[in-house]
Amino acid sequence: MSVALSPPTRPYRAIMVAGAATTIICSIVGFFRAFLMDTTGMPMPGMAAPGDSILHGMPLAEMPEMFLAGAGILATLAAAVWQGTARAPARAATGTRGRPLVALVATAALAIDISKTSTLGFVIPGMRLEYGISPQTASLLAVGGLAGTATGALLFTRLAERIGRRNSYLIAVLAFTATSMCGCMPTFAGNVVMCFLMGTAVGGLAPLLITMLADLFPGGARGPVVAGLSMVATAIGYLIASGSALWLEPTYGWRVLWLIGAPTGLLLVLATFLVPDRAHTQPTPEAQPQPHARNAFGARLQWLYAATVGLLTFGLTTWVPSLARASGLTLTTANALLTAVAVVMVPCAVLLALIYRRTGPIPLAVRLALCTAALLLALTTSGLTAAVSWLSAAVLAAALFAVNTMAAVFLPIAADLADPRRRGRATGTVSFFNRLGGLTGPVVLALIVSSVTDVLLAVAGLALLCGAIAWYTGRRHRAAAVLEPESARPSP
């Protein structure tokens, strides 16, 4: 039987290798061509003088490598689907060998993945200046990207069931790498389309990586460890985005923030062979989440919480850089402040992971929401944010850290409570509702993007709503635990 199945897979693998190689080569060519072109145009305040290294768009007719890269991705996808149909069913892997390395790769990939979503906020100010568009029009870029992430969350979790996790990961990171060429798009509409395609890859990669991490760790260690790694990856991802804006944008312009997706995507492609194609399981039966925990944080409640956090997180992430610069700070000062906050986020993420292990996810979510709302309301009513420009930007960055931490917790919770056999699909569905809620965030905040005070009040209100949902979850958890029959409870 195995001999009969082996030969048909060889041509599929050859096509996959050829398609992946084509995509990588074309992405690298497009990356270097963007920097070798003549650079013209007016830079933003604080950037290099005209005629220096500011990047600009090029006509689609001059970018054949972009279309060849797309053809390579389609060839890889078709070969993976055909190979998935022909291959024998994969069994779960056992043992713990190689798990630390896989966890490291998955966390690094998640950080790079998150950095692309965070980059949206740093791209919009320069894009608005170059194209002369309003905040409401610019918000369409975030809407396009988040619509792509919602599509990818559903598409790739289903695709992984058909072609395996490794092939799904490979296709997602190839698309991630190729769509970095959106930094060469000549029009705003072209950027929106490419942002949708990039979002599809980004949205598919996040639940895939969280599911992979959840399968690596057994029993009670799963929730705290995966949530901790997710929070660290979120902090590092924002640090990558803000650091790139600080060091590269003043010289090359906003387009470089998209183009750097090519080298980072290449690193993810090289890590493909370390991605397990099968779920890791323990040789002994794995301890399942308690029934009352499942009942308390049911699917619909997870969807509601994820959508609310998405509205809050993606709305704030999109507009914080613009609001920081609107406070009177220069480009370099605003980006430096946001980068400094991102550096602080990394050790704080480790500390919050320890708190998660001690208190559990629900009390942590409630406290984060209440602290965020209290801080923003106190500073807004005091009038300090209007009087001191750098304090206004610092408060926005602190609020962004709090809501990003809330966002980093909800997906690991979903993966922890899901049935191991349906963990990938359940995680993808929760991620879909998070992105769906996030679609409205940039548009809602775009209506009040000129007023820092109004934005802070809106964020405080949404944080209180998230805290109320988490509090209600905790109440249901306690009620379900009391009503649960003694025989259904785990033995001490």
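Predicted model: local features only at pLDDT ≥ 70, side-chain atom pairs only at ≥ 80, totals over all residues.
Helix α3, spanning residues 99-131, packs against helix α4, residues 135-163, at an angle of about 140°, and the two axes lie 10 Å apart. With angles over 145 degrees counted as roughly antiparallel, this pair is therefore classed as oblique, and the crossing of α3 and α4 is right-handed. On the α3 side the contact is formed by L120, V123, I124, M127 and R128, which meet P135, A138, L141 and A142 of α4. By class, the residues of this contact comprise eight nonpolar, no polar and one charged.

Helix α3 also packs against helix α7, residues 222-247, at an angle of about 45° and with the axes 7 Å apart; α3 and α7 are therefore likewise oblique to each other, and their crossing is right-handed. From α3, the residues T107, L110, A111, I112, I114, S115, S118, T119 and F122 take part, meeting a set in α7 that includes L229, A233, I236, G237, Y238, I240 and A245. The contact of α3 with α7 consists of twelve nonpolar, eight polar and no charged residues.

The largest nonpolar core of the model contains 135 residues, among which L141, Y169, W258 and Y305 have the most contacts inside the core. Helix α16, residues 389-417, supplies the largest share of this core, with 17 residues. L141 is also one of the α4 residues in the contact with α3. When residues up to four places away in sequence are not counted, Y169 touches A109, L205, L208, L209, L268, A271, T272 and V275.

Definitions and conventions:
Residues numbered from 1 in each chain as written. Heavy atoms only, no water. Axes fitted to C-alpha atoms, helices over the stretch in contact; angles between N-to-C directions. Helix = DSSP H or I, 4+ residues; strand = E, 2+ residues; numbered from the N terminus. Parallel < 35°, antiparallel > 145°, perpendicular 65-115°, else oblique. Left-handed = near helix turned anticlockwise from the far one by under 90°. Contact = heavy atoms within 4.5 Å. Nonpolar A, V, L, I, M, F, W, Y, C, P; charged D, E, K, R; others polar. Core = buried A, V, L, I, M, F, W, Y, C linked by side-chain atoms within 4.5 Å. Buried < 20%, exposed > 50% of the residue type's maximum accessible area, 1.4 Å probe, protein only.
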